Amino acid sequence: RRGMLEMDLLFVDFISRYLPSLNSAQIAALDQLLDLPDNALWNLVSGADDSTDAATLEVLTMLRGNK
């Protein structure tokens, strides 16, 4: 459960859609993303900030396509 309803809705869809197909690097990246505060995570998902890590970028691309 996140503090922002938007994040909850986004991740419920994302998990049901993508989790079974994520590789171990993507799962680790998702875990790191989920450790971020809501505002920092939202900035990444919305594209206001970006990551340089390839696996994190893959996960962010999936999340962004799921909005």
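Are Phe-14 and Tyr-18 buried or exposed? Both residues are buried. Please keep in mind throughout that this is a predicted model.

Two aromatic pairs turn up when the whole structure is searched. One of them joins Phe-11 and Phe-14 in an edge-to-face arrangement, with the ring centres 6.3 Å apart and 75° between the planes. These two residues both belong to helix H1 and sit three residues apart, about one turn of the helix. Phe-11 has a relative accessible area of 7%, so it counts as buried, the limit being under 20%. For Phe-14 the relative accessible area is 0%, so it is buried as well.

Phe-14 also pairs with Tyr-18, and here the geometry is tilted: 5.2 Å from centre to centre and 40° between the planes. Phe-14 and Tyr-18 are again both in helix H1, four residues apart, about one turn of the helix. An α-helix has 3.6 residues a turn, so residues three or four places apart point the same way. Taken together, Phe-11, Phe-14 and Tyr-18 make up one aromatic cluster.

Here are the two pairs side by side.

| Aromatic pair | Centre to centre | Angle between planes | Arrangement |
|---|---|---|---|
| Phe-11 and Phe-14 | 6.3 Å | 75° | edge-to-face |
| Phe-14 and Tyr-18 | 5.2 Å | 40° | tilted |

## From H1 to H2

Now to the surface. Ile-15, Leu-19 and Ile-27 form a nonpolar patch there, and together they have about 210 Å² of accessible area. Leu-19 is found in the loop between helix H1 (5–18) and helix H2 (24–34). Its relative accessibility is 36%, which is why Leu-19 counts as partly exposed.

Which residues of H2 are buried? They are Gln-26, Ala-29, Leu-30 and Leu-33. Viewed down the axis of H2, these buried residues fall within an arc of 100°, so they line one face of the helix. Ser-24 and Gln-32, on the other side of H2, are exposed. As for partners, the buried residues of H2 pack against H1, helix H3 (38–46) and helix H4 (54–65).

Gln-26 deserves a separate look. This residue of helix H2 has a relative accessibility of 9%, so it counts as buried. If residues up to four places away in sequence are not counted, Gln-26 touches Ser-21, Ala-55, Glu-58, Val-59 and Met-62.

With a relative accessible area of 12%, Ala-55 is buried. Leaving aside neighbours within four places in sequence, Ala-55 is in contact with Ala-25, Gln-26 and Ala-29. What separates the C-alpha atoms of Ala-55 and Ala-40? The separation is 18 Å, for two residues that are 15 residues apart along the chain.

## The buried side of H3

H3 has its own set of buried residues: Asp-38, Leu-41, Leu-44 and Val-45. They cover an arc of only 130° around the axis, and therefore lie on the same side of H3. These buried residues pack against H1, H2 and H4. After H3 comes Gly-47, whose phi is positive, near 95°.

How many salt bridges does a search of the whole structure find? The search finds one. In it, the side chains of Arg-64 and Asp-50 meet at 3.3 Å, N to O. The pair links distant parts of the chain, with Arg-64 in helix H4 and Asp-50 in the loop between H3 and H4, 14 residues apart.

Are the two partners buried or exposed? Arg-64 has 25% relative accessibility and therefore counts as partly exposed. Asp-50, at 52% relative accessibility, counts as exposed because the limit for that class is over 50%.

## Putting it together

The buried residues of H2 pack against H1, H3 and H4, and those of H3 pack against H1, H2 and H4.

How values were computed. Residues are numbered from 1 along each chain as its sequence is written. This is a predicted model: local features need pLDDT of at least 70, side-chain atom pairs count only at pLDDT 80 or more; totals for chains, interfaces and linings use all residues. Side-chain values use heavy atoms; hydrogens and water are left out. Patches are made of residues with over 30% relative accessible area and no salt bridge: like charges are joined within 9 Å, nonpolar side chains (Val, Leu, Ile, Met, Phe, Trp, Tyr) within 5 Å. Accessible areas come from the Shrake-Rupley method with a 1.4 Å probe; for residues, only the protein chains shown count as cover. A salt bridge is a side-chain nitrogen of Lys or Arg within 4 Å of a carboxyl oxygen of Asp or Glu. Buried means under 20% relative accessible area, exposed over 50%, partly exposed in between (1.4 Å probe, protein chains only). Rings of Phe, Tyr and Trp (its six-membered ring) pair if their centres lie within 6.5 Å; planes under 30 degrees apart count as stacked, over 60 as edge-to-face and the rest as tilted. The arc is that of the directions from the helix axis to the C-beta atoms. Contact means heavy atoms within 4.5 Å.
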